[in-house]
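Here's a quick briefing to read alongside the structure. Have a look at it first, then work through the notes.

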Amino acid sequence: IFSKPSKQKYLIFDRNSTKAFNFLFKKKRFEILDRRGESINFFVLAYTILKDGFKNLKKHYFKNYIYLVDPKIVLSGIDNDFTFFLLKNLFPKPKYICVQRGIRNSQHFKNLKNFRKKNVLKVDFYLVFNSVYKKKISKFVYANFLEIGSIYNNLFFKKKKLKQIKDITFISQKKDSRPFKHEEKEVIN
C-alpha cells in the first residue's frame with residue numbers, strides 16, 4: 001500500500017481481529033494494521049526509516065502507523081500476541097482494548113510469564129471470559145478487566161423465525177481416561 005493510512009477513530013491491530021469487531025461498524029470506519037505481512041504500507045515504512053532508522057524497525061513501524069492513523073481506540077482480538085500489550089508503552093495516547101479469543105493452557109501462561117520478565121505489558125481494557133482468566137492474566141498484564149464471556153461464541157444474529165427445536169445435542173469434553181464431571185452427569189441424566 002503506497003498511500004498514507006487514513007485517520008480513523010478505530011484501528012484494528014491484526015487483520016485476524018476483524019471478525020471480532022466487524023459487527024460494530026456499519027461501514028469500514030476503521031483502519032487495519034497488518035502485523036503478519038499481509039500488506040506493508042510503504043508510506044509508513046519510509047516515514048519510519050527516515051524518522052527512526054532501521055533499528056527495531058517493526059516496533060517503530062507499529063508506533064508510527066498508530067501515530068499516523070491517530071485513533072482514539074486500538075482493538076485486538078488476538079490475545080496471545082503479546083506484541084499488542086507493548087503498544088501502550090510505545091504510543092500511549094489511544095485506548096487499547098484486547099478481547100480474549102480462546103481457552104489458554106499452562107504453556108500460554110508460561111510464555112506470558114517469560115515475556116513479562118523483559119517487558120511491561122499493559123492495555124486499558126482486557127475483555128476476558130471469566131474471573132478465573134482475570135485472576136491468572138492480571139498477574140502479568142496491567143489492565144482494567146471485564147468478564148464478558150466469549151465474544152466469538154456469542155457472535156451470531158437471529159435470522160428469520162427459527163423452527164421449533166425438537167432435539168438437543170450435548171457435546172461433552174470427556175476424554176477416554178477421564179471420568180465425567182459432575183455437571184456433565186447431571187445433563188446426561
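**Aromatic rings and a sheet**

F84 is buried, with a relative accessible area of 0% (buried means under 20%, exposed over 50%, partly exposed in between, using a 1.4 Å probe and protein chains only). This is a predicted model, where local features need pLDDT of at least 70 and side-chain atom pairs need 80 or more, while totals for chains, interfaces and linings use all residues. Residues are numbered from 1 along each chain as its sequence is written, and side-chain values use heavy atoms, leaving out hydrogens and water.

**Ring pairs**

- F85 is buried too, at 1% relative accessibility.
- The structure holds 14 aromatic pairs; rings of Phe, Tyr and Trp (its six-membered ring) pair if their centres lie within 6.5 Å, and planes under 30 degrees apart count as stacked, over 60 as edge-to-face and the rest as tilted.
- Y67 and F91 make an edge-to-face pair, with 6.0 Å between centres and 80° between planes.
- Y67 is partly exposed at 42% relative accessibility, whereas F91 is buried at 14%.
- F84 and F85 pair up as well: their planes sit at 75° with centres 6.0 Å apart, so this pair is edge-to-face.
- One aromatic cluster includes F13, F84 and F85.

**The sheet**

- An open sheet is built from 6 strands in the order β2-β1-β3-β4-β5-β6, with parallel pairing (strands are DSSP runs of E, at least two residues, numbered from the N terminus; two strands pair if DSSP finds at least two bridges between them).
- At the edges are β2 (30-33) and β6 (142-147), each pairing on one side only.
- Strand β1 (residues 10-13) pairs with β2 over 4 bridges, in the parallel sense.
- F13 stands opposite L33 in β2.
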